[in-house]
Amino acid sequence: MLEQPYTVQCPYCGEWLEVLFDCSVERQDYIEDCQVCCHPIQFHVQIVDGEVDIEVNRN
Ligand SMILES: [Zn+2]
């Protein structure tokens with residue numbers, strides 16, 4: 001099971017969103033629209049020593 005749910009806070013509306021990340025990929029950068037306010041959120045995901053490090057920014 002490599003896809004795991006994580007909770008991140010939308011940088012626009014502040015809502016907490018549950019997102020799935022594929023933990024087999026060491027570094028991911030992508031944009032996904034907020035499920036609540038529909039603004040494009042930029043995700044930076046990194047796996048560091050098996051720990052998932054997530055950063056979200058306004059696009
Ligand atoms: Zn939002």
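In what order do the elements of the chain run from the N terminus on? In this predicted model, the elements follow the pattern β-β-β-β-β. The chain contains five strands and zero helices. Its radius of gyration is 11 Å, close to the 10 Å that the globule rule gives for 59 residues, so the chain is as compact as a globular protein of that length. The C-alpha trace spans about 30 × 20 × 15 Å along its principal axes. Of the 59 residues, 3% count as buried. Among the contacts in the chain with a separation of 6 or more, 28% are accounted for by residues 24 or more positions apart.

Strands S4 (residues 40–48) and S5 run antiparallel and are joined by eight bridges. Strand S5 covers residues 51–58, and the number of its eight residues that are buried is zero, so S5 lies largely in the open.

Val 25 is located in the loop between strand S2 (16–22) and strand S3 (27–33). This residue has 11 C-beta neighbours inside 10 Å; because a residue is exposed if that number is 12 or fewer, Val 25 counts as exposed. Pro 5 and Val 25 are 20 residues apart along the chain, and their C-alpha atoms are separated by 15 Å.

Methods: Residues are numbered from 1 along each chain as its sequence is written. This is a predicted model: local features need pLDDT of at least 70, side-chain atom pairs count only at pLDDT 80 or more; totals for chains, interfaces and linings use all residues. A residue is buried if 20 or more other C-beta atoms lie within 10 Å of its own, exposed if 12 or fewer, and partly exposed in between; C-beta atoms are placed from the backbone. Helices (H or I, at least four residues) and strands (E, at least two) are DSSP runs, numbered from the N terminus. Two strands pair if DSSP finds at least two bridges between them. The radius of gyration is taken over C-alpha atoms; the globule rule is 2.2 Å times the number of residues to the power 0.38. Two residues are in contact if their C-beta atoms, placed from the backbone, lie within 7 Å.
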